[in-house]
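Please look at the structure below and follow the questions and answers one by one.

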Amino acid sequence: MSTQTTTSVSERALLLLETIAKAEEPPTLNELMASIGLPKATTHRFVALLERLGFVQRAADGRHYEIGQRLLALSLEGMRRSFDLAPRRVILAALVKEIGETCNITMLDGERLVYLDRVESDWPLQFRLSVGSHVPLHCTASGKLFLSLSPPPLRKALFRTQPFQRYTARTLTSTEQLEAELTRIRQTGVGTDNEEFMEGMAATAVPIRDSRGRICATVAVHGPVTRLPLARALALVPALKRAAKALEQTLLFDTSSPASAVAVGGSAETMPAAALNPMRPAE
């Protein structure tokens, strides 16, 4: 096989994967075929390969395709590396010095949150969650923020993990309660946790957005309610937002347009605009 042919095949497979990852809802094989401009048999062969490698998986109905666990893991590692290469510790440490409370950066990792980084305050009384720790979505400030800004199909998929575990007397454990809370958070753009995950702890979180305006991480503050009641945690939101903006500037995202053409039979066929539109937060 020639280098040109190999490159062409690689480009097609990667563009197909990109189309699936950016789709508002999991596409069918026919929708993928139309988006990337390839014959059905060729599209099926590429999808089958990506599925076998774990980069793509079938949705519950067996007809639609969504990103697989291997791609999710790779995306998470890429995001971690982007933050590792950036001066996040300087920004986070400056935030902690300004507000005097422990702050952290979290990311979505499957159906949970993972602590990407954390800087502690000097107070002796702390709620300690180490970097790499995983916490639930439905009862944490950052988790609820991610849920509130997720597209409806993703949110529904995450809701399928019910029943929601009760951690404290304040934990929301029904879909109806949580949906009402997520609507409020979506309107304010601020995630809150008022002793829902841990007794005696309050927290607020704001989004860190990528170059396309999608939430990719959060920056949050938390502490004991004896020192940081929810009202004070909410008063610190402007400082959190300034830190989030600074962190956004350090992310190593490629802001250029995605490749808009793929070689097919020696010619270039332009992908439809719908295939290139990124997934945006739910309105």
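Q: Which residue just after α5 takes a positive phi?
A: In this predicted model, local features need pLDDT of at least 70, side-chain atom pairs count only at pLDDT 80 or more, and totals for chains, interfaces and linings use all residues. Residues are numbered from 1 along each chain as its sequence is written, and side-chain values use heavy atoms, with hydrogens and water left out. Helices (H or I, at least four residues) and strands (E, at least two) are DSSP runs, numbered from the N terminus. Just after helix α5, a positive phi of about 75 degrees is taken by Gly 100.

Q: How far apart are the end C-alpha atoms of α5?
A: Helix α5 covers residues 88–99, and at 1.5 Å a residue its 12 residues should span 16 Å, where the expected span is 1.5 Å times one less than the number of residues. The distance between the end C-alpha atoms agrees with this, being 17 Å.

Q: Within what arc do the buried residues of α5 fall?
A: Buried means under 20% relative accessible area, exposed over 50%, and partly exposed in between, with a 1.4 Å probe and protein chains only. In α5 the buried residues are Arg 88, Ile 91, Leu 92, Leu 95, Val 96 and Ile 99. Seen down the helix axis, with directions taken from the axis to the C-beta atoms, these buried residues line one face of α5, because they fall within an arc of 135 degrees.

Q: Which residues on the other side of α5 are exposed?
A: The buried residues of α5 include Ile 91 and Leu 95. On the other side of the helix, the exposed residues are Val 90 and Lys 97.

Q: How many residues of strand β8 are buried?
A: Strand β8 (residues 215–224) pairs in the antiparallel sense with β3 (residues 103–109) over four bridges, and two strands pair if DSSP finds at least two bridges between them. Strand β7 (residues 201–209) also runs antiparallel to β8, joined to it by nine bridges. Strand β8 is largely enclosed by the rest of the structure, because the number of its residues that are buried is 10 of the 10.

Q: Which residue in β8 does Val 206 stand opposite?
A: β7 and β8 form a hairpin with five residues between them, and Gly 213 in the turn has a positive phi of about 85 degrees. Opposite Val 206, the residue in β8 is Val 219.

Q: What is the relative accessible area of Glu 195?
A: Glu 195 lies in the loop between β6 (191–194) and β7, and its phi is near 60 degrees, a positive value in a residue other than glycine. Glu 195 is buried, with a relative accessible area of 16%.
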